[in-house]
Amino acid sequence: MHIIETYFECGGFDHRLIQGGTSVYLWNLSKALAGQGHRVSIVTPAHGRLDDLRRFHDLETLDYRDDYELPVVLDPQTWGERFPAEVRIPLTTTAHLLRLDGVDLYFLSNQLLDELPDRFYPPYRTKGKDLVFFKPLAYQVDAIRFIRERFGGEKAVLHAHEPYYHYLMPAAFRHDPGKLVVGTVQSNMPITKKVYRPKVERLLAFLGAGTELPPEDADRPLAEHDAVMSGYQQLTHLHYEYGPGHVRVYDLVADHADLVDFLSPGHLEFYTGFADTPFEQVFTRLPVHETVRRNAHKSFVGGCAVGDTWTTGEPPAADRARVLGGLGLDPELPTFFHNARYAVNHKGQVELFRAVDRVLDEGLAANFVLRCISDSGIDDPYVHDVVRRHEGRVHLEWQRVDERRIVEYAASSDFCLFPSKFEMDTFLIAQGEAMAAGAVPIATAQRGTAHFGHVADPSAGPDAERATGFAVNRSFAEDDPLLADALARCIHRAAALLREQPDEYRRLRANAIANARQFTWQRAAELHVAAFTPLWEGRRPEPDVELALRHGWFDLLPDEAYEQHRAAVAEAAARLGDAEAHRRCREPDPATDRALFETAWARADFARCERTADSDPELRARLDGRCTVEDGRIVYRLPHAERVELVWLDPAEPGRRRQVTVRRLDRRGSEFTGPLPPVGEELHLLLTLTTGRATWDVVRHG
């Protein structure tokens, strides 16, 4: 096959040309695909670094020149009156070829693509102020035009990365029988992210794509509970609201691509249903939910990998006394390692420092090597205060360093800490690297990183023998005390395990190494080839019953599925506590109804509880009595809740978005109490269960 990889940067072959992790992913996957005998081309911007490429590598300038004006329709709500309704940016694009390790890299250069040579990506502050903001958009157009010119008559798989950086490409090549387009979801960018619709329409017309865009979302007032849930999402980093005149990026990719690629099974699972998050119920009410369902059969897991440095030969080793002693730490103490860019909400670093501060204050004798990478340093005084107060126990650094130093840190550590939040991490290569070096993981139980095998209790569950470490519940709150508490407990537990159960620690360490070392680039290439090959041979994936049952989409099942797959449907319905689907497969009876109620109750899925509550007066009383108002105070009864928060929107003011207020109810045993909110006759309650599941409840009290 000829596989054309496209992304906004691909400097993974040279550390001097890397800005983000996708660059490293793209290069390693390309090399592995070429190593399996496929022809691989990469199309990427030069970012004004042609002189560096010529100095460091053998770069050839091609006989390619594309003169055109890029038409960009501007959203007046963003760009205001200082800019015209449409700008036309004159560009002259040249192309330059580098052949390396069996891969052809094509670097595109023009006036816009060569801007920002030091950071590549336009800062968000340029939106509405500087046309350099459209550099990624110019790249899409240039890549499409170059591929048509260079490879126009050839059959190829066009493998594009991250929807925001390729949303024009699937539609642009949709009617080209020789180009099979595979879109890759690289991160968990909000699935509802939108771009200005007239801009997209103008560019697709300019490219001759002739593609009809999906209809706009209906602009209708939301019911109060829906408005509260939607408004709250600004705190979750999972969803943002847009005004009229926009189109979703994910729709453009999923509807027009031939396949959609994900980095891990949990990544795909999360992005399909957003299960157990504060966004889940909002998602099911949005049109993008139908986009996901009608395209779910196109999705596959292409995978990701840990670098060859970590997975080949013997596990990395280091002189622990020299490494830790050189940092001013005691090599005899349990050592915990964190390695991530400095992103306090994404990486859970606020909670990480709170947990480290707490366990050291409580007398734990341990070292912490904390790398929070930031080119501008760390501006939080609390972080520096923690380091100062615990001198000789905490080493903090934010500089970029050679990979060999990171290997030494990981190989000198007993545990690695990755408390990432908001399900923003998908594969998390850094966790795999640390595990491959022998660090037992302590990490949030994110769906996207479940492949690393850390579990809440290594002594329990069907995969206990393969467990690699410890998990704490996922978090979807900023500065989350539940996460900080769980991390502190887990750090104490891990240190005790190392001290008191060395054999058990060695078992976890061996499992961690074995788990991480299976994620090779060769394996990722094989998974991609397995997905690309049927497409290359003219076979398209089709929806099936198993897919619908996996996600609980009972309404998508044909009537005959309830006969032909009776046992499987009943099993899925029992797993979710769905009485309606279960009754289509099995005769109802009191014991079954109670079991379905209990399953739904355990998930705090009270809509499903309603479908069986009337079968038993005790069940009805429990459901109706979960929330009462006594003397102007809320009393909420749910023993398996960890946290209950009251959420409301302040009254609307002209020209101002309604603000969200969140108030935590006080916990008293198995009850949660607090005063009534100042507005409305409904209580909008966000529940966090002991399992980590987050879900909503609404109770009328007026």
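A residue is called buried when its relative accessible area is under 20%, exposed when that area is over 50%, and partly exposed in between, using a 1.4 Å probe and protein chains only. Keep that idea handy as we walk through this structure. It is a predicted model, in which local features need pLDDT of at least 70 and side-chain atom pairs count only at pLDDT 80 or more, while totals for chains, interfaces and linings use all residues. Residues are numbered from 1 along each chain as its sequence is written, and side-chain values use heavy atoms, with hydrogens and water left out.

Let's begin with the cysteines. A disulfide is a pair of cysteine sulfur atoms within 2.5 Å, and by this rule the count here is 0. Take cysteine 416: the closest cysteine sulfur belongs to cysteine 490, and because 11 Å separates the two, they are too far apart for a bond. Cysteine 416 is buried, at 0% relative accessibility. Cysteine 627 is in no disulfide either, with the nearest cysteine sulfur, that of cysteine 609, 15 Å away. Cysteine 627 also counts as buried, at 9% relative accessibility.

Now for the aromatic rings. Rings of Phe, Tyr and Trp (its six-membered ring) pair if their centres lie within 6.5 Å; planes under 30 degrees apart count as stacked, over 60 as edge-to-face, and the rest as tilted. The whole structure holds 37 aromatic pairs. One of them is stacked: tryptophan 79 and phenylalanine 134 lie 5.1 Å apart, centre to centre, with 25° between their planes. Both tryptophan 79 and phenylalanine 134 are buried.

For contrast, look at phenylalanine 452 and phenylalanine 519. Their pair is edge-to-face, with 5.7 Å from centre to centre and 80° between the planes. This pair links distant parts of the chain, 67 residues apart: phenylalanine 452 is in the loop between strand 16 (440–444) and strand 17 (454–455), and phenylalanine 519 is in the loop between helix 19 (502–517) and helix 20 (521–536). Here helices (H or I, at least four residues) and strands (E, at least two) are DSSP runs, numbered from the N terminus. Phenylalanine 452 is buried at 0% relative accessible area, and phenylalanine 519 counts as buried at 5%.

Rings can also gather in groups: ring pairs join Tyr7, Phe8, Tyr121, Tyr139, Tyr164, Tyr165 and Tyr167 into a cluster.

Finally, a charge sits over a ring if NZ of Lys or CZ of Arg is within 6 Å of the ring centre and within 35 degrees of the ring normal. The charged end of arginine 55 does this above phenylalanine 56, 4.9 Å from the ring centre. Arginine 148 lies over the face of phenylalanine 173, 5.8 Å from the centre of that ring.
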